[in-house]
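Where does this protein leave space inside itself, and what surrounds that space? Take a walk through the model with that question in mind.

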Amino acid sequence: MALTGVLRPGHVALRVLDMEASIHHYTHVMGLLETARDDQGRVFLKAWDEHDHHSVVLRETDSAGMDYMGWRVDSNATLEKFAKDIEESGLASELSWVAADEHPQTGRRFRFTTSTGHVMELYAEKGKVGNGMPTLNPDIYPDGLKGMSPSRFDHCLLYGDDLDNTMKLFIEILGFTLTEQVIAGPDKLVISAFMTCSNKPHDVAFIRQPCKGKFHHASFLLDNWGEVLKAADLISRNRVSLDIGPTRHGITRGETIYFFDPSGNRNEVFSGGYISYPDRPVLTWTDDELGRAIFYHDRKLNEAFLSVVT
Amino acid sequence: MSHRIRIVGLADGLPSSESASFEVRADEHALCGMERLGRRGIPVGCRGGGCGVCKVQVVAGRYHTNKMSRDCVSSVEETQGYALACRLYPDTDLDIRVVGKMGRAFTKAELSPSQGGDSVTAGKSPAFDMSWRN
């Protein structure tokens, strides 16, 4: 197989203030499918075209934000190798193993904290529950999709201080490719990095900020611009808190809209982008062009978009 | 049934405290009332009680709140009248003081201090405030 190592972002675990309102948001408005609840009260969901058991985990507590993000790797051998490599690199802290089945239908997970303060997990096994269609002579989408109905959980954007060592960890240890970066000032300090483990413009992105472990957004993939506009309709129709959009990014070229879940965690649904092969040159943006880089149509910085995190 | 919210003290984007008051309907939170009327004064963030940029302190009046992130309002602060405007429902007219503000992580180019006399950056000051690293 040509795509090896870390295969994809497999799950994002979010803290919510009100589980009932959150379930309504993620299922009725966004159109994710609930696949399980556990005895801790956590709710597991997936997007319709994901075969794996879950990609979103919600936990009710007294704060918002991200608990952790999980990455599927290609095999148990790879999982063990990465665990060893991460430990030897010294680039992550709080290393631990989470037992199999702590998440339903999920194998053991290797957990670590990046230098930006984000908890990440690697795992090799998660049950395949399918996408509602047979794998032999399927149709193109199943009946009964609701709301925005993105096809998959796609990526997260995260805020933290030590971007350098986090980039090192993802690129040198986990084999990610840098696709785009933002540099600032005469020192050309990298203030934002977009990285992929696959062929996407990004599977995870970070922005350098004086904080640890902050969550900017979790993003979900739609098919096209029309679906982004339909998502905008659904946001108004359901009185969802809108952040910004529909609009277009310069960075990643995504067609996008941002909004908040009922606990203030930012969501994105988007379409478009490009294929990034590992030998594709890195695209670099400078901070004086940051407005166009972030919102290609507006071409100006949006304070709320850049400053509001959980 | 509606209640009047008055912002006391200088707030974001307001020339004086006198100009800041707006009516909030019984079924809406303070921030929603402000936004619906196109008013300003309280920074608007997630509107979900999670991010904390709309933090205020109620200095007069009765109110109730919905659940707010403890990262933004501690239990002690809650007893001292602190609340997030997006979770704040007035039961009477209220006087509030704006506490929260939009982060200064990224600032508008014209507001950013120029970094020294570098000829490349002179005249187009950095949009991204990295002063926290110095």
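**A cavity and a pocket**

In this predicted model, 22 residues line the largest cavity. Nearest its centre lie A:Leu157, A:Phe194, A:His249, A:Ile251 and A:Ile294. Start there.

Now look at the elements around them. Strands and helices of chain A both take part. Two or more lining residues of the largest cavity come from each of β9 (152-160), β11 (189-196), β16 (266-271), α5 (290-294) and α6 (303-307) of chain A.

What is the make-up of the lining of the largest cavity by class? It has 15 nonpolar residues, 6 polar residues and 1 charged residue. The space in the largest cavity comes to about 230 Å³. The structure holds 1 cavity of 30 Å³ or more.

Next, turn to the second largest pocket. Its volume is about 600 Å³. The lining of the second largest pocket has 22 residues, and the closest to its centre are A:Asn238, A:Arg239, A:Val240, A:Ser241 and A:Pro262.

Which elements give two or more residues to the lining of the second largest pocket? They are α1 (19-29) and α4 (225-237) of chain A. Of the elements, α1(A) gives the most to this lining, with 4 residues.

Finish with the classes. The lining of the second largest pocket has 9 nonpolar, 7 polar and 6 charged residues.

Notes. Residues are numbered from 1 along each chain as its sequence is written. Chains are lettered from A and ligands numbered from 1 in the order in which they are written. This is a predicted model: local features need pLDDT of at least 70, side-chain atom pairs count only at pLDDT 80 or more; totals for chains, interfaces and linings use all residues. Side-chain values use heavy atoms; hydrogens and water are left out. On a 1 Å grid over the protein atoms alone, a cavity is a set of points where a 1.4 Å probe fits but cannot get out, and a pocket is an open set with protein on both sides within 12 Å along at least five of seven lines; lining residues have an atom within 4 Å of a point. Grid points are joined across faces, edges and corners, and a volume is the space filled by probe spheres set on the points. Ala, Val, Leu, Ile, Met, Phe, Trp, Tyr, Cys and Pro count as nonpolar, Asp, Glu, Lys and Arg as charged, and the others, Gly among them, as polar.
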